[in-house]
Structures are given as C-alpha cells and as structure tokens.
Amino acid sequence: MTPPPGIEQRRILKTAIPGPRSAELHARKNTAVSAGVSTGLPVYVERAGGGILVDIDGNQLIDFGSGIAVTTVGNSAPRVVERVQAQVADFTHTCFMITPYAEYVEVAEALNELTPGEHEKRSALFNSGAEAVENAVKIARSYTGRSAIVAFDHAYHGRTNLTMALTAKNMPYKHRFGPFANEIYRVPMAYPYRWPTGPENCADEAFEAFVSQLHAQVGEENTAAVIIEPIQGEGGFIVPPAGYLARVAEWCHDNGVLLIADEIQTGFCRTGDWFACDHEGVVPDLITTAKGIAGGLPLAAVTGRAQVMDAVHGGGLGGTYGGNPVACAGALGAIETMKAEDLPARARAIEALFVPRLREMAAKYPQIGDLRGRGAMLAIELVSDPEAKTPDAGLTAAVNRACHAAGLVTLTAGTYGNVLRFLPPLSITDELLVEGLDILEQAFAASV
Ligand code: PLZ
C-alpha cells in the first residue's frame, strides 16, 4: 500500500539508540510516571507512518511491532487522518447514551457485516480490549443465565480485574493484584510445539482434555461461555492445530455454551483474513475486537448474534466514552483503507516474504525451536536445548536488544518470555521488511 506522505521510508540512525534527547526525557518519565508503567524501548516518538517511527533525536526506526498490532493500516494513514481531523473539528463528544451520532451506527454496521457469519448481528462499542472482553462476559452471562467462563492456558485477555482472572500469566499481569474475579476456569491450550506427547497428538488430546476437564470441574450446564484467542497473542502466537477451533465451536453449540472469539490481536486483516476465525470457517457467537480497528485510536467492540446481544436489558451496556465519535471516525477510515488496499492480501504477502527468511534462519540456528503464526502475525520460539525445548528468555532478550540498537522495533511474548514476535504495519514497504530481516539475522549472529 502507499505510505503516507512526509516520512521518508528509510531507516536512519543519527545517534545511539536511545539517543540523548530520549534519554533525557526518559529520566523525566521516571520521576513523573508510575514505575508500574514500563517501556520496552525508551525511544520517544515524534512522528510515525508507513513502516517508520521517527524519534526526537531524528532517528528513523523500522517498525515490526505496530504498537502491539494496533497500527495495522499504519500510523497516520491518510484516510484515518482525514476523517479524524474532520470529526474533531465538528464535535469531540456527546456521549452516545445521551445524544447519539451516525458514526457509531456506521461502525456497528461495518462490524456486523465484516465479522464471521451471515446471521443477524448487533455490536456495542467500548474503549479498550479489556473492556470489550468484560462486556462479552456480561452479555454471555445475561443471555445464558449461567456464570462459569472457561479460558485457556497461555491466554491473555486484559488487565482489569475480570480480565486478569482470564489471563493466564502471573508476571507481570497478575502478581500481587489478587484476589481475582471468581467463576473463571482454565483448561489446557492446544499448543502443538509443547504438547507432551508430540504435535501429532495435540488436536485430539487437547480437545479431549478440554471436554473432560470442563465436564468434571465446571459442568456444561453451569458454563456461560468459552473464550479463546484463535491465535494466542501475548501467550506467544500459539496457533492451535487446524480443525481444533471448529471442534470447540461445535462442542459449545451442542452444549448451549457461547463461544467468544477474542480477536483483539488477530482481527482486522492481521492474519491474512479479515478475522482469524475466517481461516478455519469458525463462526463464534460473540467476537471481541480492538487494536487494529481504528488506526491507533482507542476503540473496542463486542459483535454477536442479535438474539444474544439483544438479551441484555436496556441501559445494561455502555460507558461515558464508548464509541467516541473521533475514535469511530478513525475506525471508518481504517476499515475504508483495509477494503480499498485489500490488506488481507497484503498480510499474506508479508507472510510469503517473511517465512522463507525465518525458515533459513531456523535451519541455521537450532535455538529457533519453532516458527509459527499467520499473515503479518509471525513468531519464533527460542530454546537453549532443542531436544528438551528449554525456553531461552535470555537469548530472546539479547536478540531483541540487538534489534533495537540497530533501529528495528521488535517485541517479545510468551508465557516463558522466549518468543520473538513480528507484527509489522501492513503499510510497510517490502524494502523495510527485508532490511528488518537482515537486522534480525545480524542480531542473531551477534547474540548466540
Ligand atoms: N485480548 C487478545 O491481545 C491486548 C497487551 C499489552 P487492551 N494485548 C496487548 C499489555 O501488556 O498490556 C489484548 C489482547 C487480547 C485483550 C487485550 C486487552 O486489550 O486494549 O490492552 O485492554
């Protein structure tokens, strides 16, 4: 796709990373901002667009992170900028629950059309992914009259109290923040690389464990919903075996349990389809979206079957800012961009460019235990011993640091902190992708 005007699509290093002005600002940050809010790469950004972040020292970094899968259409995508600027000038807020506006309705209509399934749908808009997940749980409980929610090992659903309970990983998300919301139950995730009896048994045995544990420990008739990320994000880009999601969906359907697909990280063209469920032909009852939805503006949604979404009493869902008009304008601009530029195809092209290079690296470095993901959501899992699959968080951090020093923004993930993940904006040029992969390769050579 065409990068926005104004930012040269080129990596430029003028200073060490971080540079002196970033270092100065970071010292101020440490005296002004809670220590609980940390930064992965303390380079302070001034402008961004296409595949480039420009920092306050004049360095231009290649972006393989998209602000954690948010700037899918790029930072400052022209259609987003135009619509947001016009909306800010018209009005910034009325509160949709008081005096509504068309943009909210238009975003809901777009979500109902684009999300998986041809059935009649409704949407409700919120501010963050965690808030969308909270509301999906409220809706599922209200519709079913049941309370238990089943989540998976390695899941990430947010940092609010209920979503912390749904999130699997203790550090840094849950540590010392309990007690957590109750009626949350956890079952094993179909994680092929780490399935105890081997990846070939993963689909059947994981499904069997899901069914039997849910039956024995929760009870089908007590279960309002099963919530799953079709490809787990923070947990390490874990892709369940083909067909696994469809079996879970079928089981949910047969047992009157709602299936909530958390597509907050996978949604909006990221994985090479509009939604990751599309790839598997799975139609969830409820779907949560955020991140990529609005080109960087804070917006989130729950979309689902009309009879489920409409079961909630009037006034039961809402919030002061939910579906803010400026954020909705951003979403309409982002969705327009995704359609006009066929961004699912762009994500598949990025996969085609990335995967052979990562495969070559995996053949050279036995520390790359697994290579996985889909579209522009790809990752490598690093281990110190390929036989024992011992997670190597140290090497992961070292490679990540070396990429940062060379002006490539990479992110880590994974329950064991040993996954390097790649989430480039779909507006990045092929040249920057290739250069980023060269840097990654050099970072590996320097770190192993
Ligand atoms: N569900 C699948 O990926 C957010 C979190 C980063 P919010 N993931 C990035 C961090 O350390 O806080 C996420 C997600 C999935 C829910 C969420 C939560 O979305 O917008 O961060 O609340």
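Student: By class, how many nonpolar, polar and charged residues does the lining of the second largest pocket have?

Tutor: In this predicted model, the second largest pocket holds about 370 Å³ of space. Its lining is made up of 22 residues. By class, that lining has two charged, eight polar and twelve nonpolar residues.

Student: Which element gives the most residues to the lining of the second largest pocket?

Tutor: Tyr104, Ser123, Ala124, Leu317 and Gly318 are the lining residues nearest the centre of this pocket. Two elements give two or more residues to the lining, namely helix H4 (102-114) and strand S4 (121-126). With five residues, the element that gives the most is S4.

Student: What is the volume of the largest cavity?

Tutor: Rolling a probe the size of a water molecule over the atoms shows where empty space is left. A search of the whole structure finds one cavity of 30 Å³ or more. The volume of the largest cavity is about 30 Å³.

Student: Which strand supplies the largest share of the lining of the largest cavity?

Tutor: The residues lining the largest cavity include Thr115, Pro116, His119, Lys121, Pro284 and Asp285. Ile287, Thr303, Gly304 and Arg305 are also among them. By class, the lining has three nonpolar, four polar and three charged residues. The largest share, three residues, comes from residues 300-305, which form strand S10.

Student: Where is Pro172, which is joined to Met171 by a cis peptide bond?

Tutor: The bond between Met171 and Pro172 is cis, with omega at about 5 degrees. Pro172 belongs to the loop between helix H6 (161-166) and strand S6 (184-187).

Student: What is the omega value of the peptide bond from Gly178 to Pro179?

Tutor: Pro179 is placed in the loop between H6 and S6. The peptide bond that leads from Gly178 to Pro179 is cis, and its omega is near 0 degrees.

Student: What is the phi of Glu183, and is this residue buried or partly exposed?

Tutor: Glu183 is found in the loop between H6 and S6. Although Glu183 is not a glycine, its phi is positive, at about 65 degrees. Its relative accessibility is 29%, so Glu183 counts as partly exposed.

Student: Why does Ile68 count as partly exposed?

Tutor: Ile68 lies in helix H2, residues 66-69. Its phi is near 60 degrees, a positive value in a residue other than glycine. Ile68 counts as partly exposed because its relative accessibility is 31%.

Student: How many disulfides does the count come to?

Tutor: A disulfide is a covalent bond between the sulfur atoms of two cysteines. The cut-off for such a pair is a sulfur distance within 2.5 Å. By this rule, the number of disulfides is zero.

Student: Which cysteine has the sulfur nearest to that of Cys95?

Tutor: Cys95 has a relative accessibility of 8%, so it counts as buried. Cys95 is in no disulfide. The nearest cysteine sulfur lies 12 Å away and belongs to Cys328.

Note on methods. Residues numbered from 1 in each chain as written. Predicted model: local features only at pLDDT ≥ 70, side-chain atom pairs only at ≥ 80, totals over all residues. Heavy atoms only, no water. 1 Å grid on protein atoms, 1.4 Å probe; cavity = no way out; pocket = protein on both sides within 12 Å on 5 of 7 lines; lining within 4 Å. Points joined across faces, edges and corners; volume = space filled by probe spheres on them. Helix = DSSP H or I, 4+ residues; strand = E, 2+ residues; numbered from the N terminus. Nonpolar A, V, L, I, M, F, W, Y, C, P; charged D, E, K, R; others polar. Buried < 20%, exposed > 50% of the residue type's maximum accessible area, 1.4 Å probe, protein only.
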